[in-house]
Amino acid sequence: MADSSVAVPALKGNIGRFQLFAFGFGSIIGSSWCVLAGSWIAAAGPGGAVIGFALGGIVVACIGACYAELTSRIPVTGGEFSFVLHVFGRGLAFYVGWFIAFAWILVTIFEGLAIAWLFERLNTGMPDVMLYNAVGTSVTRNQLIIGCIGAPAIALLNYRGGQVLARFHSLLTYLFIGVALAMVALMLSQGAPANLVPLLPARNPVWWEGAAGIFANCAFLLCGFQAVSQVVEEKSARLPFSALFRILVLTVVAASGFYCVVVIGTAIMMPWPSLPPHSLAFVEAARLLPASRVLVPLVLLIAILSLLKTWNGCFLMASRTLIALTREGLMPAWMNKWHGRTGVPAPIVLVIFVINVAGLTLGRGAVGMLVDAITISLVFGYAICCIGLPVLRRREGARSDVVAASNLAVLVGVTGAVVMAVMAVVMPLVAAGGFPPVFWIFPVWTGIGTLVLLAMRRART
């Protein structure tokens with residue numbers, strides 16, 4: 001039997017600590033802070049929402065610590081696929097990589113749809129035409145045009161890779177952080193603390209029930225820290241793994257804290273029970289600020305910037321996962337051709353780009369299904385990787401070159417990942433009151449993956 005791996009040029013880059021943080025934080029924070037703040041506050045009150053994010057942040061930070069140790073033990077691109085490959089072997093690793101790549105590609109579709117929606121809220125006056133209905137909503141010409149402008153730009157950046165990609169991502173991330181935090185600070189200075197009452201409502205809503213729902217959704221809302229692991233081959237040689245460990249955990253803590261201050265800043269502007277839960281509540285709160293005619297469009301613009309960086313980060317993680325699968329001979333050899341100067345194969349970028357554009361034709365009606373499919377795929381990756389860390393520790397023992405997570409962090413990470421995986425499956429069942437349509441996606445995608453795996457095994461023999 002021939003060697004199962006495929007020779008691939010090493011990925012090149014010189015990514016430093018501030019750029020690594022930008023990849024992690026920028027890939028976590030997308031549009032949820034702007035779109036869902038009203039829903040979080042309506043479900044749990046401002047205090048309950050903060051508690052939900054704090055608890056979710058602790059658990060996901062512990063999961064991040066497990067990923068950081070795995071990265072120092074296995075310093076190659078591929079994230080979850082590479083971790084599972086070294087611990088549990090090729091069979092399970094293929095399916096983990098197959099579904100993780102699927103999840104990140106679905107996120108690129110989600111970001112393209114969300115950018116089109118926020119652009120519409122800018123009220124630019126551009127004429128639009130409804131083209132057709134899909135998944136219960138209308139799809140318009142402008143939605144497709146906006147998505148199809150962003151997708152090739154993101155694809156080109158990812159093909160260029162290296163410092164060009166890192167600088168673009170860092171510019172968007174730090175510009176977003178500066179403007180968003182300035183906006184929150186303005187809200188805190190202009191709002192009234194009395195508007196936060198009741199901080200922890202006992203009824204309509206019950207704060208702890210809402211906090212539990214937010215905690216469960218942190219599996220999706222705080223995903224993206226994996227970008228730090230995915231670019232490990234491209235980090236600066238001068239950056240030690242101890243710094244990478246701290247940066248990876250810090251991205252989760254910072255993102256969780258960002259969600260908390262957005263909740264407080266939104267709720268403090270008006271009595272929170274009067275906030276419209278299913279609108280852009282952060283935008284509605286910004287309308288009450290001085291110079292709101294300038295600030296409201298600014299909020300929408302920074303939300304669009306935020307989505308661009310998340311779109312870019314998730315495209316990167318999808319490509320790095322497919323690169324790792326290709327290296328192991330688990331994807332067709334033609335995907336390992338025409339490498340850019342930074343070692344990124346053009347066919348992999350093209351495949352993600354094509355699926356990204358095709359997914360945009362589904363329209364916003366598919367967003368709920370996309371979120372459920374993304375969450376389930378990612379949290380099972382969390383659980384398998386966190387469970388694999390103690391297995392790898394027993395097999396390899398202590399290593400002087402490894403930055404180890406504390407035993408408590410590993411325990412919390414494993415337990416939290418398993419709980420989140422169970423909740424990710426149960427919540428769609430409860431919401432649908434039966435068998436949700438999203439569950440059909442997984443046997444279909446598993447079947448396609450099995451055909452690919454069998455074909456690659458046959459090709460290797």
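**A walk through the helices and one hairpin**

In the hairpin formed by β1 and β2, where 2 residues lie between the strands, V135 takes a positive phi near 50 degrees. Strand β1 (residues 130-134) and strand β2 (residues 137-140) run antiparallel and are joined over 4 bridges, and A134 has T137 of β2 as its bridge partner. Two strands are said to pair if DSSP finds at least two bridges between them, while helices (H or I, at least four residues) and strands (E, at least two) are DSSP runs numbered from the N terminus.

This is a predicted model, in which local features need pLDDT of at least 70 and side-chain atom pairs count only at pLDDT 80 or more, whereas totals for chains, interfaces and linings use all residues. Residues are numbered from 1 along each chain as its sequence is written, and side-chain values use heavy atoms, with hydrogens and water left out.

Helix α15 (residues 407-432) has 26 residues, which at 1.5 Å a residue should span 38 Å, and its end C-alpha atoms are 38 Å apart, so the two values agree; the expected span is 1.5 Å times one less than the number of residues. Among the buried residues of α15 are A409, V410, G413, G416 and A417, where buried means under 20% relative accessible area, with a 1.4 Å probe and protein chains only. The buried residues of α15 pack against α3 (37-73), α8 (207-221) and α14 (367-396), and just after this helix G433 takes a positive phi of about 65 degrees.

The residues in contact include F94, W98 and F102 of α5 and W445, G449 and L453 of α16, contact meaning heavy atoms within 4.5 Å.

Within α5 lies A93, which counts as buried because its relative accessibility is 0%.

Conventions
Buried < 20%, exposed > 50% of the residue type's maximum accessible area, 1.4 Å probe, protein only.
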